[in-house]
Amino acid sequence: MSDGGTGAAHDVLIVGGGAAGLRAAIAIAETDPGLDVAVVSKVYPMRSHTVSAEGGAAGVIAADDSLDEHCYDTVSGSDWLADQDAVEAFVREAPEELLQLEHWGCPWSRRPDGRVAVRAFGGMKKMRTWFAADKTGFHMLHTLFQTSLKYGEVRRYDEQFVTRLLVDDGRVHGAVAIGLASGRIRAITAKAVILCTGGCGKVFPFTTNANINTGDGMALAYRAGAPLKDMEFVQYHPTGLPFTGILITEAARAEGGWLLNKDGYRYLQDYDLGTPSLTPQLRSMELGPRDRLSQAFVHEVERGRTADSPYGPITYLDLRHLGEKLIDTKLPFVRELCLKYERIDPVHELVPVRPVVHYMMGGVSTDIDGATPVAGLYAAGETACVSINGANRLGSNSLPECLVFGARAGRAAAEYASAAGTTPSVVEAQAGDEMRRLERDLLGKGPGTESIAAIRDQMQATMEEAAGIFRTGPEMEKGAGTLAELQERVVNVGLADASRSFNTELLAALELANMLDISECILEAGRQREESRGAHQRTDFPARDDEQFLSHLLVHRGPDGSARIEPLPVTITRWPPGERVYGR
Amino acid sequence: MTPSGDEMTDMRLYRPRVSTWWWTRKRSYFVFVMRELSSVFIAWFVVYLLLFVYAVGQSEAAYRRFLGWASAPWVVGLNVVALVFVLLHTVTWFSLTPQAMDVRLDGRRVPGFHIIAGQYTGLLVVSLFVLWLVTQ
Amino acid sequence: MADSIQMRVSRFRPETDSQPHFQEYDVPLRKEWTVLDGLNHVKNEVDTTLSFRWSCRMGICGSCGMSIDGEPKLTCGTFLSDYEPGPVTIEPLANFPVIRDLVVDLSDFMAKLPRVKPWIIRPEDHSHVEPDVEYLQTPVQLDVYRQFSMCINCMLCYAACPVYGLDPDFIGPAAIALAERYDLDSRDHGKGERLDVLTAHDGVWACTFVGECTKVCPKHVDPASAIQRYKLKSALQTVKAFLLPRGAR
């Protein structure tokens, strides 16, 4: 069933078929149609998690807005950990990319005069968030996917899971992938590889993320010798539904929704986020940044002012004053989700919400063109950390991030691949080793003594404890200890499912291995960052420490598999570190 | 983009066969098949009406012969069955019409209800007219 | 509400089975649990060999379409309590070849979709974007095609369509709805290019307006409407071409 030698060869291989991956593929097909590009994804592209993004994508187009203001909002939102050269490039290219998407058919919501409409969003001083009702990610992904079908020369490997990157002498040469439907393992050689596999929310038990977000690309890069960056920064979105963790978009607050505690009080005013007003004020109250809002929730829990639900403490999102017409026009999906999953109609009732893991600011460390230190290896989208999001991402920055850096990484990878030499034959041996490993250690193993679900549940519980909204050194130490134990136990996982055909138990085992590696990185970086900044809040180090920690933390994989931390200075261009002020 | 596929052809897929009785399995499928069948009865009514009109046009005697034939039990039975099917035909197709059209006034879609109501109104008006005509 | 409910799940392993068979599992019956939650309970706690697709669990990715008590549904949006006291039967989506257990082969749709050219076709080449220029589109113009743009490619419509079941060549409801979505988009100029594909024998004219596709669509796309409207449109086009040969197309 497995290939003896290499299966296929391409110039550029893109791993992941979401917004970043598809954008990269299109960028290469347009700039260099002679190159042989392939996209490999463990799901069909239209299932990629981009599809569930709701609120919008930021890009400066209003007459009263400016690139500098978007930069400042992003940099201050990042608690000054974002690399400002990257932010400047991002802010400049975002409107172009969004316009390109419009030309490709994205159904952006419009003003009466036919021009693209923009709305307010958290942490932004001006209205600059483009939106397609409250299904922006869905429309963007489908637009990109359908547009990509124009380029017949781009090959797609659907439902194939990449298990390992082929690297030799500091250079990437392709990947080994297993076809889910047939169980066939093949090597795909490529001169350049772009990782666009999204985030890793599933290392936590309660997340807006889909089942597929298991940090595969991050783990692949980490094991291939490319460092991860800013892994300690995990974004908790303030408004997820209590049982399912389903996202209720920030747009609900941008349109005027309020957050109330159990006494019906708009509690954010107690946390230096401004004073309440009837209409939403930008960069104030409910339109503050996500990290501060999630932290406010935890304080409310401590003060006993949150309501109780069968799924833990909650607060309420009040949309009743927005009216049915606005909700049906601007927030129809929100209404649908509340009705279906909570049996609550936001037009008439309060929506129970709580903070939920949503986004990874950290990821594969790249430069401003998506390049990692491993030659030929690139990354873009949530998988990557450039960084434009620093310690906390502003809502509506990640969709344009996928487009801007997907395109940049695509063009950079294309340029690299055009000039790159041939694949050395030693890579065949590596591919053979990986195939044998998969056969021997997984497919051919038979049932083991450990359960995938049990280890996964324990990992998630550990991460919730150790890497919550507020963390302490001892808790993270303890968590790291548990993870180390789990890494030992996972070796005894086997497969009850012996079939080669669509073996999702095998898939779960491979994903679990990825998630364990990533979790260790998150906790190691978290322990070493002895300060509080953005989404990384430590009760044992409650202040921001620019002297020691105005830098990223890179996590390298040591030869013994342990995580080694190395600082990397933040690029500051025009915005020297200052105080993050909201509501004032 | 062209899928490279996973060599689906050398995999053993199970291809379920559709039963000849697929249309009896679900109520909506059954109604659909009856609806399609109703066209046959529409055709019958057309033929019947043509025979009727022809007989009227011929002579008083031809008309009486026609009426005699039409009152035979099998013709009556057939016409009753046909009437049921024609009613089914009318009701189903009236309800489906809005789906086949996108009628807009001032840029806003006319709700399906109005289109359906419009058809019944039209039917009523024409029926009343015909009734008046034949009772003269 | 009872404590548990039985799920009768279709199993099929191509290496060992010549056809699917059912396996019964009892799962907890909780009011918030969807059929997907039940399946995950089986996979995690009871039988790790069960294979099925799922991802977003919120009805937007389109992965989890299956046949529940004979009806095509998204398992993530279907509640177990609606099937009390059970048993509830779960089978792979109808009208598709089965790869394994509840997983079907979607390569037919993936091949059909590009044929309808589901992208904006402009008269001139637009690979370089002019910085300030968006194509204007009023909210009214957006509303004309909006509904057809909501398709999540979940394939429930194909599973419900008896025509597709009997004639797998039929291009199908979702593909036609997407073609119509682009035809109706004021920014698109590709009507003519899509016409030939859609008016071929396996295109719109294979549809007999059963209307089941619309009934099962979880996103209210109304593909049946797209198809009938397309029929009307292309029929008028033919008449026009016949009457005014020079002015047509």
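Of the 584 residues of chain A, 65% count as buried, a residue being buried if 20 or more other C-beta atoms, placed from the backbone, lie within 10 Å of its own. This is a predicted model, in which local features need pLDDT of at least 70 and side-chain atom pairs count only at pLDDT 80 or more, while totals for chains, interfaces and linings use all residues. Residues are numbered from 1 along each chain as its sequence is written, and chains are lettered from A and ligands numbered from 1 in the order in which they are written.

Chain A contains 15 helices and 22 strands; helices (H or I, at least four residues) and strands (E, at least two) are DSSP runs numbered from the N terminus. The radius of gyration of chain A is 23 Å, close to the 25 Å of the globule rule for 584 residues, so chain A is as compact as a globular protein of that length. That radius is taken over C-alpha atoms, and the rule is 2.2 Å times the number of residues to the power 0.38. The C-alpha atoms of chain A fill a box of roughly 70 × 55 × 50 Å along the principal axes. Among contacts in chain A with a separation of 6 or more, 76% are between residues 24 or more positions apart; a contact requires C-beta atoms, placed from the backbone, within 7 Å.

Strand S15 of chain A, residues 351-360, is mostly covered, with ten of its ten residues buried. S15(A) pairs in the antiparallel sense with strand S11 (residues 234-240) of chain A over five bridges, where pairing means that DSSP finds at least two bridges between the strands. In this pair, A:Tyr236 stands opposite A:Val357. Strand S14 (residues 312-318) of chain A is also antiparallel to S15(A), over three bridges, and A:Thr315 stands opposite A:Val353.

Chain B has four helices and three strands, in the order β-α-α-α-β-β-α from the N terminus. The radius of gyration of chain B is 24 Å, well over the 14 Å that the globule rule gives for 136 residues, so chain B is more spread out than a compact globule. Its C-alpha atoms fill a box of roughly 75 × 45 × 25 Å along the principal axes. Of the 136 residues of chain B, 8% count as buried.

Chain C meets chain A through 45 residues, in contact with 45 residues of chain A. Helix H1 (35-46), strand S6 (98-100) and helix H3 (139-146) of chain C each give two or more residues to this side, and H3(C) gives the most, with three.

Technical notes:
Buried ≥ 20, exposed ≤ 12 C-beta atoms within 10 Å, placed from the backbone. Contact = placed C-beta atoms within 7 Å.
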